[in-house]
Amino acid sequence: MRLDPRVPSGPLEYRWTKCKNELQLVAPANRRKYTLIVVGSGLAGASAAATLGELGYNVRCFCYQDSPRRAHSIAAQGGINAAKNYQNDNDSVWRLFYDTIKGGDFRARESNVYRLAELSMNIIDQCVAQGVPFAREYGGLLANRSFGGALVSRTFYARGQTGQQLLLGAYQALQRQVAAGTVQMFPRTEMLDLIVVDGKARGIVTRDLETGKIDVHLGHAVILATGGYANVFYLSTNAKNSNATAIWRSYKRGALFANPCFTQIHPTCIPATGEYQSKLTLMSESLRNDGRIWVPKNKGDKRPPNEIPEEERDYYLERMYPSYGNLAPRDIASRAAKRVCDEGRGVGPTGYGVYLDFSDAIKRLGRKVIEDRYGNLFEMYERITGENPYEVPMRIYPASHYTMGGLWVDYHLMSTIPGLFVIGEANFSDHGANRLGASALMQGLADGYFIVPYTVPHYLATTKLDPVPEDHPACREAVENVRSMIKRLLSINGRRTVDSFHRQLGQIVWEYCGMSRNAQGLKKALELIPALREEFWENVRVPGSDEEVNQSLEKAGRVADFLELAELMCLDALAREESCGAHFREEYQTPDGEALRDDERFCHVAAWEYQGPDRPPVRHQEELVFEFVTPTVRSYK
Amino acid sequence: MRIILHIWRQKNRHSPGKFVRYEVPDVNPHMSFLEMLDVLNERLIEQGEDPVAFDSDCREGICGMCGFMINGIPHGPLRETTVCQLHMRHFKDGDELWLEPWRAKAFPVIKDLMVDRSALDRIIAAGGYISVRTGSAPEANSILIPKQIADRAFDAAACIGCGACVAACPNASAMLFTGAKITHLGLLPQGQPERYERAIRMVAQMQAEGFGACSNAGECEAACPKGIKIENIARMFRDFAVASATRRPPSLKAEAAAL
């Protein structure tokens, strides 16, 4: 299979313009004849559904939550990047592009990333016009803060709730279209299969999570905006119900899955406390602007932090990366934390934690300033841990947070199945092997507001799409597939709960395919995961029936998919014999422990093709061509 | 510690419900309230019983999906805290707690502690937005907003739409929710063109959904996990009054007359 990324040629700055000029249009009167299916209602899904509805298409939007406003974009705290150069610190589209592609360790497409940087400015304009209450200066201008991996101040924010405010903006735009009748919303509805007719994506099979009713929804294109798969680790910063089912089942229908091993571990989360732990809570990376990260110099130093004198503290990020210091990118900060804890210098009851200390900042700026900047984050920390971070340093530890991998898409954000578009975190496109802070919100909104509203119409205008009846064999087959899986899950009646399998899977993936990986461990995981999957299908207990609210059944289907996806992650991590970004293979590191890329052999996207349940997937490659930047060793020293 | 729970169990929208007693003997004080229910549910499944259905998603207090009454208080006893962020260290060994769903005509119970809050989405759809087409926005810094105004708008915009205000109100009113959105958008220069129509439309929808009126009990503010202030309701009344007197669009006259 040849993967055609459909990247325009010519100067980088004009590529998106050139592409747009060449895209075909759909006449206004014809738009309502097209039905578009949008799955997911986060930043990407809500912005795409609202914008396509506004253009006059007939949109159906689905989410598993009780309202589109709950999608997990809402939990993003820190901010959104844009190359506005409002701070006059010599920021530019080029610089945002360069920081993003370097932050991704040169494993993303130049053209996509440049477009993202270009669109970043339109996003801020759009959100402000919608009434998003971004932070302001006293003169009434928009305020900015700095963020990991950048030397300029380009992050726009709304206290520690930027994702919430951006999502509510997109949600309100969506509700406006619901009222206008262009978008029909299906909350508490989960996509369980993709319907492919004549090689094109034409619909989805859904389950109503209240009544259990299985339905077929047909349309002319399907847009997946279902987020990432970090919950494969069980403990992650994702919402409890975030899942990979939509993208995974589309993969099994022929969409290629790209770079599944590129998963990001966020350095600043609240450490886990016990087995009952259901999720991990992120503390915004913006805290690293003013907090200093340290551990005791001596192993096993159990003194309370305020009794450890300055000279016995190791501010290890400042020591190892003097120019970026506490603002080193996420992957680097996470691995450094793991290293000091593995050396036995970790803090807290489990020894898996490091201090994030604000005492210097409070001394320098006063408590009031810190309160203004991070007040709600400090409250959140205190609520969860029972400790007051104004007085005692926070304890943090890395946790699984974001997945750069996802379904492969071309420059139009279309997968290898024509008519199946994938946007936001669900695709693999813009962040390479590591995402910089405040870039996820930017990507979700760029994809939804400004890219698919142009590329989807082009697909509709240039593709012959015959009507598909609801009793088409492809629909019947997909429905049968869904029904038989549900029936099977309910009939096993074993002894273990779904969560117990999920927890065990998470431990395996965290141990062998987490912050650092090696061939031996990955091979072990590739034995453990299929064995666990086999046990799952023999011994899981899913109570209740399929004709009612059944949260165990919902979880069971999602965990069944994670049990397969985890294997693909390990295969991908094993095949990528280099370290890059968040993918750190212990065999490939520099003498001082930094990631060692292999541009000769691995300057490509790995895209996996499903071959059926009994055959291993096939690995395809899309070569990455760097015409405008030279991949360098990423240095933050 | 040992916690005794009386949980409202209701099979679906149409069945009657009742309290059922459960005991969780080994609660860790560092658990969140929902993690304690997870542990209970794991046991119920292992014993072949139906686990307790409750909504939750982000579990960090921002998505607004979780929420139920604990001893008659929405989200439980800790101020400005959703139930997913409420930790068991705030309870004592041997505590006996009654858990029940939000009670309001406009929030039908779906199962156990889950309710249908789609009425809130319909209130937003009635006018809780600024009509700005994608692509038609002016340059962001061309709209200057004094910091104090932006901060006040943010305070109102922090609402998570959980419905605790409705559950707390003796009249099951959704005025704190509706007032917060009217305030957020009505304070901003971008929100001025639609300010009064918005108030009329959103209030009309709120009443059509079967939410009650405000009698200044103030329970909503006390229960709100995000600290949304009751002054938002005053602002809503003000915009609504001005709109009713001066700017009522003719097509909405009939609706407003019915109020």
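How many residues of strand β11 (residues 263–269) of chain A are buried?

Modeller: Before the details, please note that this is a predicted model, in which local features need pLDDT of at least 70, side-chain atom pairs count only at pLDDT 80 or more, and totals for chains, interfaces and linings use all residues. Residues are numbered from 1 along each chain as its sequence is written, while chains are lettered from A and ligands numbered from 1 in the order in which they are written.

In strand β11 of chain A, 7 of its 7 residues are buried, and the strand is thus described as mostly covered; a residue is buried if 20 or more other C-beta atoms lie within 10 Å of its own, exposed if 12 or fewer, and partly exposed in between, with C-beta atoms placed from the backbone. Strands (E, at least two residues) and helices (H or I, at least four) are DSSP runs, numbered from the N terminus. β11(A) pairs with strand β15 (residues 394–403) of chain A in the antiparallel sense, over 5 bridges, where pairing requires that DSSP finds at least two bridges between two strands. Within this pairing, A:I265 stands opposite A:S400 of β15(A).

For a view of the other chain, helix α3 (residues 147–157) of chain B contains B:R152, which counts as buried because 20 other C-beta atoms lie within 10 Å. The C-alpha atoms of B:R152 and B:T183 are separated by 8.7 Å, although these residues are 31 residues apart along the chain.
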